[in-house]
Amino acid sequence: MNKITGREKVILVRGGIEIWTNETKAERFQRDWEAGLKGAVGFEGRTLNTADIMGVFYPEDIEDMARRKNRQWQCKYGNWHDWGEKCQCLPIEEQEYQKKRKEAIAKCGKCKDGWVQGENGMRVCECIKNIIK
């Protein structure tokens with residue numbers, strides 16, 4: 001039977017060694033380390049030199065570090081891009097609006113891309129008027 005013990009954390013050691021463990025064990029280790037634990041210490045069958053410990057991190061921190069090593073960067077909207085690629089991401093509000101707009105048009109069936117032919121030319125469909133920003 002597997003026992004859920006919380007999120008994972010990673011103890012990062014110089015040389016690129018990553019020790020993945022559960023949050024409870026990692027936080028216990030982290031408290032001891034921050035309190036001044038010095039020298040060689042045992043952790044999950046390993047012997048670590050506390051001077052070589054770089055930190056205790058969440059998995060997403062390790063993933064972000066790997067992306068940066070692979071020459072990617074994160075834009076202000078939280079998306080990752082390859083080095084040299086220009087960000088053309090939309091703000092979150094715009095993304096949400098575009099999603100609602102697409103759903104409204106799909107449900108409507110009367111318009112083409114949010115527009116209908118009126119007596120005086122093209123006009124915004126009612127399905128879009130209901131979700132305008």
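**View 1. Pairing of strands β1 and β5 in the predicted model.** In this predicted model, strand β1, which covers residues 8-13, runs antiparallel to β5 and is joined to it by four bridges. Strands of a sheet pair in general through backbone hydrogen bonds, in either a parallel or an antiparallel manner.

**View 2. The open sheet β2-β1-β5.** Three strands, in the order β2-β1-β5, make up an open sheet with antiparallel pairing. Its edges are formed by β2 (17-22) and β5 (53-57), each of which pairs on one side only. On average, and with direction ignored, neighbouring strands of this sheet are turned by 20° against each other. Helix α2, spanning residues 59-69, packs on the sheet and touches β1, β2 and β5, and the direction of α2 makes about 50° with that of β1.

**View 3. The largest nonpolar core.** Ten residues, namely I11, V13, I19, A26, F29, V41, F43, L48, I53 and V56, make up the largest nonpolar core. At least two residues of this core are supplied by each of β1, α1 (23-34), β3 (40-43) and β5. Beyond its neighbours within four places in sequence, A26 is in contact with K9, T21 and V56. In soluble globular proteins, nonpolar side chains tend to be buried together.

Key
Residues numbered from 1 in each chain as written. Predicted model: local features only at pLDDT ≥ 70, side-chain atom pairs only at ≥ 80, totals over all residues. Heavy atoms only, no water. Pairing = 2+ DSSP bridges. Axes fitted to C-alpha atoms, helices over the stretch in contact; angles between N-to-C directions. Contact = heavy atoms within 4.5 Å. Core = buried A, V, L, I, M, F, W, Y, C linked by side-chain atoms within 4.5 Å. Buried < 20%, exposed > 50% of the residue type's maximum accessible area, 1.4 Å probe, protein only.
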